[in-house]
Amino acid sequence: MKQVVQRRQLWNLVLIVTFIIAISLAAVVFIGADDPFASPGEDDPDTATDAFPAVDEYSTVGGGSIGGAAVNPVGEAINEDVTNPLATTNATKQFTVETAQPQYWRVNAYDRYEDGEWLRTEPTVAYTDRLPETGPTTGTADHTVTLQRDTTMLPAAWQPAEIDFDGEGMIGVSGEHGIDLETKQSAETEYTVETYTYDPDPAALSTPSGDPPQTIVQQYGSEKGAIPDEIEDVGEAVTEDTATAADAACAVQDWLQANYDYNRTATPAGDDPVTEFLFDTETGNAEYFASSMTTVLQSQDIPARYVTGYGPGEAQEDTEGSYNIYSANTHAWTEVYVAGHGWIPFDPTPTDDRLAAAQTHIEPDGELVNHTVAEVCDADTDPALPPADEIGDEDEDENGAENGNESDNGDEPTNGDDPVVIDPDPGADTDYTLLLSDESPLPGGQITVTVQQEESPVAGVNVFVNSEDVGSTDENGEITITVPYASNLVITLETAETATVTTNTAATTTGTTDHTYTVPITGSLSVTTNPAPLIADGTATTYVTIGGNPVTNAAVAVNGDHIGMTDETGSMTMDVPAKDEIAITVERGELTKTASHAVVPLELSTETDRVLAMPGQNVSVTLTAGGQPVAGAQITTGETTVTTDTDGTTAVPISALQTTITGEHADAETTHEVQNLLLPGIGGGVAGVVLVVGGVIGMRRYTGVTERATTVTRTLTQRLLQALSRIETGIQAISTRANEGTGAIGQYLLAQIKRGIRWAKSVNVTGGLSMIVRGIWAGLIVPVRWINTRFRETDEPTTDTADGEQTAQTEVQQSIRDIWGRFTMLVTPQEGTTATPAEIAQQAVTMGLPKRPVTRLLDIFRKAEYGPPEQHSEQLANDAADAFAELEDEQQTGEDET
């Protein structure tokens with residue numbers, strides 16, 4: 001009989017191990033790679049953030065309106081009892097910086113403007129490791145800061161990469177890359193920030209390079225804030241003729257500087273301070289200029305954000321590379337997201353006026369640094385638009401005047417293309433007048449040269465351009481020439497005996513004379529690429545332009561090696577080497593230009609590299625280049641090819657084992673592998689069962705170890721049953737969430753799994769496994785049957801038969817008997833006991849088991865054995881399983897204590 005018991009224990013062990021594997025596989029099949037019961041954002045790595053207990057005090061370095069506050073009112077301090085720090089004339093030294101290059105010292109930024117306040121809507125998270133780039137970079141720089149006052153923020157140049165700080169408490173990084181502190185730090189604290197640097201080619205910024213990611217537009221465009229309609233109208237007018245975000249930013253910056261006055265202490269009033277500044281007072285400090293620029297751009301869905309911090313400060317006379325930053329250096333500016341380049345800073349506040357005011361208030365020993373955040377705009381631009389309150393007036397002219405080309409008195413429109421008189425070279429003795437159709441000729445362009453004498457055209461004059469004979473003037477004294485690729489246009493007039501001056505009376509001749517005129521040629525070679533940045537091991541198109549015009553037949557070299565010539569469109573295709581940076585040199589005539597271009601790898605990433613899912617389930621894939629999403633790229637896995645969206649993301653199906661995902665862009669290719677652990681997990685589970693069973697059987701074959709094998713079998717069984725208890729707890733948690741988010745079928749499946757586990761814990765492992773299988777089968781087949789029945793021509797009602805009810809009652813009775821048998825083995829391990837159920841229960845109480853579950857289990861057993869069949873419900877079996885589980889846990893607790 002003892003051998004029978006041992007075989008039963010061994011069989012139960014095998015079934016329990018198999019049962020746990022079955023439960024795990026059922027969970028994979030039912031739930032898959034994602035949890036269908038999860039609420040939006042719950043446990044989502046893309047949305048979950050670590051809460052950071054940032055502290056802010058308005059009186060500290062970077063505090064309050066300088067960036068520390070999450071809500072920043074324009075024109076006011078965050079505390080009504082103090083002065084607005086952006087309007088202060090205080091000369092208190094805030095901190096000093098040691099750096100090779102002065103910068104704007106950024107504290108924080110804001111993404112949403114609403115009701116006269118700037119809001120920072122993204123959370124601050126704990127800083128744990130080096131920060132990734134948010135766009136292309138050309139290098140790094142270190143800045144060491146020594147605080148002169150207490151601080152709650154760490155000012156740094158854009159964009160921070162790594163923070164070396166030995167102060168107390170944690171460091172946090174805001175969603176706008178501001179550096180927060182958990183604990184206020186005292187003066188004399190020192191820290192170093194390594195920042196990424198980026199030196200963009202202004203011409204490249206003005207070259208269209210796709211659209212920004214949609215997530216950026218949504219957060220920093222017009223959808224995020226409540227921008228007044230009148231500001232939107234102004235934005236449309238100012239940016240109407242711009243092609244890129246950088247062009248639009250320059251247009252707004254130049255327009256503000258041309259029409260509005262700087263006054264550090266001015267505080268425009270009104271319900272909306274930005275509207276008041278633009279349409280009424282037209283004077284204010286940096287926060288009004290920067291707020292206006294940011295809102296105007298955001299109104300046109302051009303991603304922009306409002307930035308606060310400090311200007312470069314005062315260069316220390318006695319220490320090279322050291323700068324003092326004072327309270328009066330507090331400043332505000334704008335950052336604009338340019339596709340292909342990332343965040344580029346712009347400063348719309350008039351620099352000279354700002355520095356002059358700060359110099360007056362601070363009275364430093366040295367000179368304040370005149371450093372602008374971005375020298376990407378044409379300084380000679382003369383905005384044609386008036387201040388905001390006058391924009392649109394010309395469209396309302398009752399006489400129909402358009403764009404100012406028709407005056408009120410009915411005069412003819414002015415001609416903006418009138419020829420320009422060119423002065424002869426110094427020392428030249430000539431009575432000729434030379435006129436050019438363009439006072440700023442561009443290389444490669446064509447202009448008309450007109451030769452006059454006493455305001456009359458001179459025909460037959462030989463014209464030389466940079467010593468090259470280009471022909472003679474016609475009867476109108478004109479000749480069309482091509483501007484050479486040189487720094488100066490040198491025009492020489494050679495008059496011969498046949499040259500004539502056409503007058504109103506007659507033609508006269510002149511003697512042979514040379515006359516020379518030199519005109520500086522504007523514009524320089526610009527080199528841009530598509531894509532930008534360049535993709536390693538891919539191809540790129542290089543564009544060579546001057547003033548936006550293509551340069552043909554320009555020689556192109558990469559790292560000093562000639563690779564070809566530009567075509568009629570000013571472009572050529574080249575292979576990109578796998579380097580961090582390459583130098584592209586172009587030459588045309590006397591002009592040459594060398595520009596460094598960043599080269600970045602194409603990178604493919606997934607949410608996870610290892611999944612446990614059914615074949616065919618999707619995994620999210622993101623393709624990036626230099627940290628920037630790549631839209632419209634092809635992603636291939638097997639026979640499936642999909643295209644990335646504006647965020648560089650798409651979804652691809654995975655296979656049963658390992659899936660190789662390939663991303664392609666600009667003829668570059670990258671791969672990423674995702675392992676599916678489903679089949680290996682199944683194999684490992686089967687191997688585990690084999691090892692456990694084999695080990696137990698092997699132990700039983702040795703003489704004298706039968707009792708030990710039995711003990712090991714029982715212990716393993718108990719441990720596995722405890723594992724089933726933990727699985728049951730997890731299933732219960734899932735079931736609770738499922739009641740809120742799933743249908744009846746899902747709830748039914750979870751209920752069946754719970755019942756199966758409880759039955760298995762009560763030794764009827766076969767019954768528990770059977771219930772799981774039946775439950776999953778029912779969950780799958782019931783919807784199929786419903787659909788089939790739904791579309792049948794005839795209806796065949798189904799009814800439960802008496803035989804089915806009897807079978808269910810019998811199964812319940814047998815399950816309760818199995819539970820009682822397990823209870824009997826727990827109380828009297830010896831086989832063949834003749835004790836009655838009541839005596840067994842009494843012995844259980846005597847040995848220390850709690851009386852209540854013992855009595856309940858005895859009552860249930862009596863109902864199953866002697867009661868009417870209609871009492872044999874599943875609930876009765878579940879109650880028996882619960883009572884026995886409580887008793888088993890109590891016994892296990894007692895064993896652990898001993």
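How many bridges join β3 to strand β15, and in which direction do the two run? In this predicted model, β3 and strand β15, which covers residues 304–310, run antiparallel and are joined by 5 bridges. Within this pairing, Tyr 110 stands opposite Tyr 306 of β15. Strands of a sheet pair through backbone hydrogen bonds, either parallel or antiparallel.

The two strands belong to an open sheet of 4 strands, in the order β3-β15-β18-β19, and the pairing in it is antiparallel. Because β3 (105–110) and β19 (342–346) each have a single partner strand, they stand at the edges, and one side of each is left without a neighbour in the sheet. From one strand to the next, the twist averages 35 degrees. Helix α5, made up of residues 245–259, packs on the sheet and touches β18 (330–338) and β19, with a direction that makes about 150 degrees with that of β18. Helix α7 packs on the sheet as well, touching β15, β18 and β19, and its direction makes about 15 degrees with that of β18.

At the start of α7, a side-chain oxygen of Asn 285 reaches to within 3.2 Å of the backbone nitrogen of Glu 287. Is the helix enclosed by the rest of the structure or open to its surroundings? Since 13 of the 13 residues of α7 are buried, the helix is largely enclosed by the rest of the structure.

A pair of aromatic rings is described by the distance of the centres and the angle of the planes. A search of the whole structure finds 14 aromatic pairs. In one of them, the rings of Phe 277 and Phe 289 have centres 5.2 Å apart and planes at 65 degrees, so this pair is edge-to-face. Phe 277 lies in helix α6 (residues 273–281) and Phe 289 in helix α7, so the pair ties together parts that are 12 residues apart in sequence. Both Phe 277 and Phe 289 are buried. The rings of Tyr 337 and Trp 343, with centres 5.4 Å apart and planes at 80 degrees, also form a pair that is edge-to-face, and both of these residues are buried. Trp 255, Tyr 260, Phe 277, Tyr 288 and Phe 289 form one aromatic cluster.

Strand β44, residues 634–637, runs antiparallel to β45 and is joined to it by 4 bridges, and Gln 634 stands opposite Thr 643 in β45.

Thr 641 lies in strand β45 and is partly exposed, at a relative accessible area of 46%. Leaving aside residues up to four places away in sequence, Thr 641 touches Gln 634, Ile 635 and Thr 636. The side chains of Thr 641 and Thr 636 are joined by a polar contact of 3.5 Å. Thr 641 and Val 652, which are 11 residues apart in sequence, lie 8.2 Å apart in space, C-alpha to C-alpha.

The loops bring the backbone geometry into view. Most residues other than glycine have a negative phi, and most peptide bonds are trans. A cis peptide bond joins Trp 158 and Gln 159, with omega about -10 degrees, and Gln 159 is found in the loop between β8 (151–153) and β9 (160–165). Another cis peptide bond joins Asn 530 and Pro 531, with omega about 10 degrees; Pro 531 is found in the loop between β31 (525–530) and β32 (534–535).

Asn 553, although not a glycine, has a positive phi of about 55 degrees; this residue is found in the loop between β34 (549–550) and β35 (555–558) and, at 48% relative accessibility, counts as partly exposed. Ala 666 has a positive phi near 55 degrees and is found in the loop between β47 (658–665) and β48 (668–676).

Terms used:
Residues are numbered from 1 along each chain as its sequence is written. This is a predicted model: local features need pLDDT of at least 70, side-chain atom pairs count only at pLDDT 80 or more; totals for chains, interfaces and linings use all residues. Side-chain values use heavy atoms; hydrogens and water are left out. Two strands pair if DSSP finds at least two bridges between them. Buried means under 20% relative accessible area, exposed over 50%, partly exposed in between (1.4 Å probe, protein chains only). Contact means heavy atoms within 4.5 Å. A polar contact is a pair of N or O atoms within 3.5 Å; within protein, one must be able to donate a hydrogen and the other to accept it, and residues adjacent in sequence count only if both atoms are side-chain atoms. Axes are lines fitted to C-alpha atoms, for helices over the stretch in contact, and angles run from 0 to 180 degrees between N-to-C directions. Rings of Phe, Tyr and Trp (its six-membered ring) pair if their centres lie within 6.5 Å; planes under 30 degrees apart count as stacked, over 60 as edge-to-face and the rest as tilted.
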